[in-house]
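Colleague: I have not looked at this one before. Can you walk me through it in plain terms?

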Amino acid sequence: EERKMIRPDSTQTGTVLSADQQSRVATGRSYQAVTAQVAGVSTGGGNPNIKGAMNNHNRYLVDGLDITDPVTNTFSSNINFDSIESVEVATGGTEAQYNSLGGIINLTTSAGSNEWKLDASFYVNHQALSMGSQFGSQFYDYEKPFARLRTSPNASYQANVNVGGPLVKNKLWFHFSFQYRYNVNSVNIAPPFNLQHAPGQSSVYLARLKIAYAPTPKHRLTLSVSTDPAFFNNTNQDNLRLGVAEDHQDQGGFFSILTWDYFATEKINTNIQA
């Protein structure tokens, strides 16, 4: 059940962004990017600044469980955008339990139901589809309208598949989501070598599985598994060095959440997470 947009008995400020809303607007297709739609949030990268706080002052939660990186205090995992039902962005007045100087970003992920659902999508962007104005290698070089240089390689391809439904009706449900993203990016040809620097290449795999089991009306067990391995080549993108002087980066990880809900009465719910 989606959280209500307004809670008059709470001092917390913020907004809930639902999947239905995000399907109607053009976004960066990541939970970090859509947070910029909330008042008081600015983002220039993966970790947004919320109401003047630093980008390492936030807390990140998935289905209520804190997954904030304990070392850098930044987000620790990328999540398939299509597997997210809603993104709650709390910008202030949060409870002390979150221990946050910035904001709270809480993702509610998709779960299976008694109806089978399948959807797939494919997104393409290529430098041939862009005007490709020529700029210098630095911001202060500005546009060079009379330059006739070959357009630098820049492209992205993203494939998604999502499937969910009942394994046993009214008892056992699942939802599986997978996303593959391939990006090519490069800087324009510029001095001192006037050679096309080797383009950066990245391959990102985002997979998530969620299984829910209700043995009785008062009990529900939920197990979810997420993984986000990613591989990056030529990460520096610097015209001051030849293409052979480059770096490689591997990132990503794995986490799992096990939840037990016990609905003791209509007004009392016990929730345990690991």
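Colleague: To start, what share of the residues of the chain count as buried?

Modeller: This is a predicted model, so keep that in mind throughout. Of the 274 residues of the chain, 34% count as buried. The chain exposes about 16100 Å², and carbon and sulfur atoms supply 56% of that area.

Colleague: And how many helices and strands are there?

Modeller: Two helices and 16 strands.

Colleague: What share of the contacts is between residues 24 or more positions apart?

Modeller: Counting contacts in the chain with a separation of 6 or more, 63% are between residues 24 or more positions apart.

Colleague: Let's do the sheets. In what order do the five strands of the open sheet come?

Modeller: The order is β1-β6-β7-β4-β5, with mixed pairing.

Colleague: Which strands stand at the edges?

Modeller: β1 (13–18) and β5 (65–66) do. Each has a single partner strand, so one side of each is left without a neighbour in the sheet.

Colleague: How do the strands pair, then?

Modeller: β1 and β6 (residues 84–92) are antiparallel over six bridges, and Ser18 has Ser86 in β6 as its bridge partner. β4 and β7 pair in the parallel sense over four bridges, with Asn106 in β7 as the bridge partner of Leu61.

Colleague: Is β7 mostly covered or mostly open?

Modeller: Mostly covered: five of its six residues are buried.

Colleague: Which residues have the most contacts inside the largest nonpolar core?

Modeller: Tyr31, Val87 and Leu107, in a core of 18 residues. The elements that give two or more residues to this core are α2 (31–34), β4 (59–62), β6, β7 (104–109) and β15 (254–263). The largest share, three residues, comes from β6. In general, nonpolar side chains tend to be buried together in soluble globular proteins.

Colleague: Back to Leu107. What is it in contact with, leaving aside neighbours within four places in sequence?

Modeller: Leu107 is in contact with Tyr31, Leu61, Val62, Asp63, Ile79, Ile84, Ser86 and Val87.

Colleague: Asp63 is a charged one. Which side chains does Asp63 meet in salt bridges?

Modeller: One is Arg208, at 3.3 Å from N to O. That pair links distant parts of the chain, with Asp63 in the loop between β4 and β5 and Arg208 in strand β11, 145 residues apart. Asp63 also forms a salt bridge with Lys210, where the closest N and O atoms are 3.2 Å apart. Lys210 is in strand β11 too, so this pair ties together parts that are 147 residues apart in sequence. Salt bridges that share partners join Asp63, Arg208 and Lys210 into one network.

Colleague: Are Arg208 and Lys210 buried or exposed?

Modeller: Arg208 counts as buried because its relative accessibility is 4%. Lys210 counts as buried as well, at 10% relative accessibility.

Colleague: How many salt bridges does the count come to?

Modeller: Five. Another one of them is between the side chains of Asp20 and Arg24, at 2.8 Å from N to O. Asp20 counts as partly exposed, at 43% relative accessibility, and Arg24 counts as exposed, at 66%.

Colleague: You mentioned β11. Which strand do 14 bridges join to β11?

Modeller: β10, and the two run antiparallel; β11 covers residues 200–216. Asn185 stands opposite Gly200 in β11. β10 (residues 172–185) is also joined to β9 (residues 155–168), by 13 bridges, again antiparallel. In that pair, Tyr157 stands opposite Tyr182 in β10.

Colleague: Which residue takes a positive phi in the hairpin of β9 and β10?

Modeller: Asn170, with phi near 65°. The hairpin has three residues between the strands.

Colleague: Last topic, the surface. Which residues form the nonpolar patch there?

Modeller: Leu118, Val161, Phe176 and Leu209, with about 330 Å² of accessible area together.

Colleague: Where does Leu118 lie, and why does it count as exposed?

Modeller: Leu118 lies in strand β8 (residues 117–126). Leu118 counts as exposed because its relative accessibility is 67%, and the cut-off for exposed is over 50%.

Key
Residues numbered from 1 in each chain as written. Predicted model: local features only at pLDDT ≥ 70, side-chain atom pairs only at ≥ 80, totals over all residues. Heavy atoms only, no water. Patch = residues over 30% accessible without salt bridge, like charges linked within 9 Å, V, L, I, M, F, W, Y side chains within 5 Å. Areas by Shrake-Rupley, 256 points an atom, 1.4 Å probe, with all protein chains shown as cover. Salt bridge = Lys/Arg side-chain N within 4 Å of Asp/Glu carboxyl O. Buried < 20%, exposed > 50% of the residue type's maximum accessible area, 1.4 Å probe, protein only. Contact = heavy atoms within 4.5 Å. Pairing = 2+ DSSP bridges. Core = buried A, V, L, I, M, F, W, Y, C linked by side-chain atoms within 4.5 Å.
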